[in-house]
Every structure is written in structure tokens, then in C-alpha cells.
Amino acid sequence: MNGNNKVEAARRRVASFALIDNFSAAFSCGRPADRSLSEFWRAHRSCGGRDRSYISEAVYAVWRNWGYLRDKLPEKRRDEVEKGGKLSPEEALNMLVLAEKGFPAGRPAKFPEWVKHQVMPGFDLDGYALSVMKRPPMFIRLQCGGEAEREIVKKELAGAGLKFSEVDNFPAALAVSGKVNLFTLESYRKGLFEVQDISSQAIGRVCGARRGERWWDACAGAGGKSLLLADMMERRGEVVASDIRAYKLEDLKKRARRSGFPNIRCRAWDGHPLPGAKRKKFDGVLVDAPCSCAGVWRRNPDGVWTAKAKELDEISFLQKKILSAASTGVKNGGVLVYATCSMLAKENVEVVDDFLSLHPDFEADVFADPFTGEEVEKYVQFSPSGGGDAMFVCRMKRKC
């Protein structure tokens with residue numbers, strides 16, 4: 001065995017360990033693949049950049065093709081693995097070799113049978129299945145400055161060997177391709193751009209936040225949409241960002257400081273309706289609700305097999321509770337936007353319909369589809385055909 005073959009064999013062997021750990025964590029306790037890989041790197045600090053790139057791509061290749069690879073296992077073993085049992089070293093190596101050989105081009109991902117019965121009406125599930133087999137595109141959002149600052153970003157992208165192109169109907173967005181880590185660029189460290197999927201940017205467009213308004217991002221998480229709202233408001237007015245998981249807001253605080261946003265305030269919220277004195281104080285409220293994340297399976301293909309239909313009722317109940325509680329912050333004539341990164345009806349249109357039936361003081365609002373410019377009423381379900389993730393967004397307003 002020559003030197004190159006020895007290196008490849010060693011990488012594949014380490015990749016098999018990563019795959020075993022990744023599958024076990026995903027199926028036993030629902031830990032996302034990217035988080036498991038991060039933990040694997042911490043335990044294997046000797047792995048260099050090339051090793052990490054190879055191993056990550058190999059693990060994700062197995063996940064994307066699991067609908068086919070699982071059939072290579074005896075039924076008993078397949079059931080054991082999908083209940084949290086570990087792949088054997090031989091099974092893991094075999095899966096990696098099969099995934100490396102590749103499969104016929106244009107073959108869609110396989111989904112569990114329940115998915116087709118839960119998908120939003122009219123959603124192109126076949127097209128989505130094709131997209132899940134490919135690496136997702138990368139988008140950035142230019143912020144904090146005029147044309148001169150944007151040219152600085154473009155120049156640095158080009159200097160780093162990255163290719164980029166503008167996105168129709170999104171003047172602040174660029175589609176970027178290449179293997180350079182965007183977070184290491186000087187223009188990122190100066191807050192001149194954020195990495196943000198184009199569908200996520202589209203949700204901000206549906207909100208339509210304007211200069212001087214007051215908005216509440218009720219489920220802000222790491223704060224990507226809070227930053228977008230604050231930027232849309234030209235740093236005037238106020239964005240109040242909250243999350244039931246308070247630790248999530250630490251990332252937002254750092255990002256807001258890096259970009260110099262003075263109009264973002266992080267506040268604790270327990271998920272209950274606002275008390276009387278704090279009600280109806282916001283021009284707009286965004287509820288980017290926790291969900292199954294089924295709309296981002298091309299980024300997290302492990303979710304195809306770890307998401308369960310039986311969990312949807314519990315998720316939907318939580319979404320309805322959060323939406324109802326957050327709606328108490330909307331002033332008369334104000335906007336309420338509900339969004340998920342899902343294409344499943346129980347999390348989307350069924351939540352909205354239930355809310356509107358129980359809250360006659362709210363009604364569906366008309367808005368322009370950010371991708372097409374066409375006027376729509378109530379909601380839009382985005383699909384990967386627009387380039388971004390399969391997110392859902394609905395715009396409502398409180399009657400005056």
C-alpha cells in the first residue's frame with residue numbers, strides 16, 4: 001500500500017468512527033449531525049482541515065443516501081440502528097464505501113412514508129427530494145453601510161477566490177460559492193455582512209419593518225432575523241429580541257456588537273401572554289416558531305430520519321401557544337408574522353387557521369411574494385426552486 005492509499009485508508013477509518021458516533025447520537029437522543037461532528041472534533045483534535053472536510057462530507061453523504069443504504073442492512077439490524085443501536089465498524093466502512101462510489105445522478109432522497117401525508121398542499125415534494133441530495137447554496141446579506149462598504153465585501157470575496165452573484169429582487173443579497181470560511185473574512189468581522197439563507201431574508205421582507213418602528217422578534221434564537229429587521233429600520237426605532245432559551249441570545253448580543261447596531265434590545269420572555277401594561281406596544285411581532293425543521297433537510301439530512309410524525313401534535317400545540325401569547329404585543333393596526341422552517345401543514349397553515357379562528361381581532365394580510373413580486377393573501381410556502389430553504393411565512397394584522 002503506497003503513502004496516498006495509507007492516508008485514504010486512515011481517513012476512512014476515522015470517518016467510520018465519526019459515522020458510528022453520529023448515527024448513534026442521532027437515533028438514540030436526536031442530537032443533530034453537525035453538533036455530533038463538533039463534539040467529535042473536540043475529541044479528535046489531531047484531525048487537520050483536510051481530514052475534517054473529508055470526514056464531514058463522508059458522514060453527510062451517508063445521511064443523504066440513508067433511504068437507500070438502509071436497505072443494504074438486514075431488516076433486524078436496520079431497526080436496531082434506527083432505535084439507537086450502533087453500526088458495527090464493518091457496517092460503517094461499507095456504508096462509507098458505498099456512499100463514496102456515488103449513486104445515479106438525479107436520484108431523489110427517500111423520505112419516510114408519513115412525510116407525503118403531512119406536506120403542505122401544492123408543495124413540490126419531488127423537487128424538494130432532489131434538492132436534499134445536494135449541498136445547499138450559501139447566501140450572505142450585505143448590511144451596515146452604503147455602496148462603498150458593499151464594494152469592500154465584494155472585493156474581499158473575489159480576493160479570497162470566492163465566486164458570487166446577485167440575487168433577483170434582493171438587492172442586499174449575494175449567492176456565494178467556494179470553500180473559504182466566510183467567518184474568517186475581515187469584512188465579516190467588521191459586521192459588513194451576515195451569512196443568511198435567502199428564504200430567511202425573504203421572511204424579513206414579508207415583515208416589512210420600517211425606520212422608526214418598534215418590533216418584537218419573539219423567538220429570536222441566534223438573532224439572524226433580529227439583525228435583518230434592525231438593518232431594514234436603518235438603525236432607528238427598536239427591535240426587542242427574546243427567546244424562551246435565554247442562552248441563545250448570547251450569540252445575538254455578540255453579533256449586534258460586531259455590527260454596531262444600537263437599536264437591538266435582548267429581553268427575557270417566558271412564553272406567556274404579556275401583562276396588561278406591556279400589551280399592544282409593537283408595530284410588528286415576528287414569531288419564527290420552533291418546529292420540526294423539515295424545510296432545512298438539505299442542510300440537515302439526518303433530520304429526514306430522526307423527525308417523527310408522532311411529534312408533530314406536540315410541536316403544533318407549542319407553536320399555537322407561542323403565537324397566541326406573542327400576539328398580545330401587537331398594537332391596533334400592527335403586523336403579526338408567523339414563520340417556520342418547515343413545509344408540513346400541521347406546523348404551518350393549520351396553526352395559522354387555528355389562530356385566526358380563535359382571535360377574531362386578527363385577519364390575514366395581503367403582501368408581495370419576495371421572490372416573484374406577486375400579491376398573495378395570508379401565506380407563502382417557499383421551495384428550493386427559489387434557491388433557499390423550504391420555509392413558510394404568514395402575515396396577519398390586528399384590526400384597528
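Begin with the charges of this predicted model: the mean positions of the 65 positive and 53 negative charges of the chain lie 5 Å apart. Lys and Arg count as positive, Asp and Glu as negative, with His and the chain ends not counted; each charge is placed at NZ of Lys, CZ of Arg, CG of Asp or CD of Glu.

Residues are numbered from 1 along each chain as its sequence is written. Local features need pLDDT of at least 70 and side-chain atom pairs pLDDT 80 or more, whereas totals for chains, interfaces and linings use all residues, and side-chain values use heavy atoms, without hydrogens and water.

Next, display the salt bridges (a side-chain nitrogen of Lys or Arg within 4 Å of a carboxyl oxygen of Asp or Glu); the structure holds 32.

Select Arg70 and Glu82, whose closest N and O atoms are 2.7 Å apart in a salt bridge. Arg70 lies in the loop between helix 4 (66–69) and helix 5 (75–82), and Glu82 in helix 5. Helices are DSSP runs of H or I, at least four residues, numbered from the N terminus. Both Arg70 and Glu82 are buried (under 20% relative accessible area; exposed is over 50%, partly exposed in between; 1.4 Å probe, protein chains only).

Move to helix 10 (residues 186–189), where Arg189 and Glu186 are separated by about one helical turn because they are 3 residues apart. Their salt bridge has closest N and O atoms 2.8 Å apart. Arg189 is partly exposed at 47% relative accessibility, as is Glu186 at 35%.

Then select Arg210 and Glu213, a salt bridge at 3.2 Å between the closest N and O atoms. Arg210 is exposed at 56%, whereas Glu213 is buried at 13%.

Finally, select Asp197, Arg298, Arg299 and Asp389, which are linked in a network of salt bridges.

Terms used. Helix = DSSP H or I, 4+ residues; strand = E, 2+ residues; numbered from the N terminus.
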